[in-house]
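Open the model in your viewer and keep the selection panel handy. This tour goes stop by stop, ligands and helices in turn.

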Amino acid sequence: MNAVLQAPTWPVDRRGRPLRDLRLSVIEACNFRCGYCMPAEQVPDDYGLDSAARLSFDEIETLVRGFARIGVNKLRLTGGEPLLRKRLPELVARLATIPGIDDLALTTNGSLLAIHAAALHAAGLRRLTISLDALDTGLFRTMSGGRGEVSDVLQGIDAAVRAGFQSLKINCVVQRGINEDQVLPLVEHFRGSGHVLRFIEYMDVGTCNGWQRGQVVTSAELRDRIARHWDIQPVGANYRGEVAKRYCFTDGTGELGFVSSVSESFCGDCHRARVSADGRLFTCLFASEGTPLRGKLALGETGFSDHLGALWSRRADRYSELRGERDAVSGRHVEMFLIGG
Ligand code: SAM
Ligand code: SF4
Ligand code: SF4
């Protein structure tokens, strides 16, 4: 008798959403102190430099294999600043070959990319997102908490292209009155480069950035401003649940993205989980508590994935949908630098 091939049955949460996408922080430390994420006045210089609490590469591999077994096919490495994690290419090589993971990406501030791009590409990484909020040298330095040089990031982008990375994503968080004037120069700089510039609305993540709604520049406003200078038109999503709304220049010089994390909610299609560098699971960007997973890795791949499936099926998060309603705002949210955006 022929064996009957069964489609995998992946767990869904209480709102019917499967888990497809994992953001994994490999380090909680960062060499920048961006005011919207990790303000220098609030986070000491030596924060996160104790490596003992971090998952080891063996633990990370078991963890990712467990996630892949319950449906995760997209994995993004993040931080803190992931390029500060020692021997990162070695980890990338291990994760790139895990069955089921067909999309491995990394988000970085780009400051150390020129040093690491070639090794990361050789290890099997193919997708890179680089954060870049300003082209102006002085403003960039200020926005990075006095720690970053825009020239390092631009050299990192060049090095990534030389290493073989194609169509990078460049993420810019726009804050009213801070870097609004960088929007058009950034569009001009990346138009025709083959890279995709994406504007992200400034979010009320964490507790230390002092977020106020008035500081958000909505995607709609940015789109209108850009459209006064260039002819752009919407393009369809690459896949269901894609968070960036895509636009292309009608003259064929490329594409832009807008992530409306505040002005529009995409909880209905949220198939994403996050794990901090010390192995805590967060089922929403705005969660206050994480569930420790480290102790459960000893269950092995199968036992661990059963445990994950049970956790995921209890999930009901939809913070963005409820934003503004009293109950949604618990007052305490995990910091972005712990779960990587
Ligand atoms: N350090 C890396 C970097 O900056 O690319 C990776 C981690 S960082 C937390 C990931 C992303 O989160 C960055 O693109 C950053 O701009 C974004 N981010 C941090 N705080 C944010 C906020 N309050 N609102 C919107 N995006 C934010
Ligand atoms: Fe560091 Fe990235 Fe947060 Fe900036 S956004 S402080 S680079 S983790
Ligand atoms: Fe997903 Fe939470 Fe963001 Fe909604 S608010 S899209 S559930 S991470």
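A residue is near a molecule if one of its heavy atoms lies within 4 Å of it. Keep that cut-off in mind for each ligand stop. Remember too that this is a predicted model.

**Stop 1: ligand 2**

Select ligand 2 and show its neighbours. Around ligand 2 you will find C30, F32, C34, Y36, C37, M38, G80 and N109. Colour that shell by class. Six of its residues are nonpolar and two are polar, with no charged ones.

**Stop 2: ligand 1**

Keep Y36 and G80 on screen, and move to ligand 1. Ligand 1 has 18 residues around it, and those that come nearest are Y36, G80, T108, S131 and M203. Y36 and G80 also belong to the surroundings of ligand 2.

Now look at individual atoms. Which kind of atom does M203 bring to a nitrogen atom of ligand 1? A backbone N or O atom, at 2.9 Å. T108 likewise uses a backbone N or O atom, which lies 3.2 Å from an oxygen atom of ligand 1. With E81, look at the side chain: one of its polar atoms sits 3.2 Å from a nitrogen atom of the ligand.

How much of ligand 1 does the protein cover? On its own, ligand 1 has 540 Å² of accessible area, and the protein covers 93% of that. The shell around ligand 1 holds seven nonpolar residues, nine polar and two charged.

**Stop 3: helices 2 and 3**

Hide the side chains and show the cartoon. Select residues 88-96 for helix 2 and residues 113-123 for helix 3. The two pack with axes 8 Å apart, at an angle of about 20 degrees. Angles under 35 degrees count as roughly parallel, so helix 2 and helix 3 are roughly parallel to each other. Their crossing is right-handed.

**Stop 4: ligand 3**

Go to ligand 3 and show its neighbours again. The surrounding residues are F266, C267, C270, R274, C284, L285, F286, R315, D317, Y319 and S320. How do they divide by class? Seven are nonpolar, one is polar and three are charged.

**Stop 5: helices 1 and 8**

Finish with another helix pair. Select residues 57-69 for helix 1 and residues 300-313 for helix 8. Their axes lie 8 Å apart, and the packing angle is about 60 degrees. Helix 1 is therefore oblique to helix 8. Helix 1 passes helix 8 in a right-handed crossing.

Conventions
Residues numbered from 1 in each chain as written. Chains lettered and ligands numbered in written order. Predicted model: local features only at pLDDT ≥ 70, side-chain atom pairs only at ≥ 80, totals over all residues. Heavy atoms only, no water. Polar contact = N/O pair within 3.5 Å; in protein donor to acceptor, adjacent residues only side chain to side chain. Areas by Shrake-Rupley, 256 points an atom, 1.4 Å probe, with all protein chains shown as cover. Nonpolar A, V, L, I, M, F, W, Y, C, P; charged D, E, K, R; others polar. Axes fitted to C-alpha atoms, helices over the stretch in contact; angles between N-to-C directions. Helix = DSSP H or I, 4+ residues; strand = E, 2+ residues; numbered from the N terminus. Parallel < 35°, antiparallel > 145°, perpendicular 65-115°, else oblique. Left-handed = near helix turned anticlockwise from the far one by under 90°.
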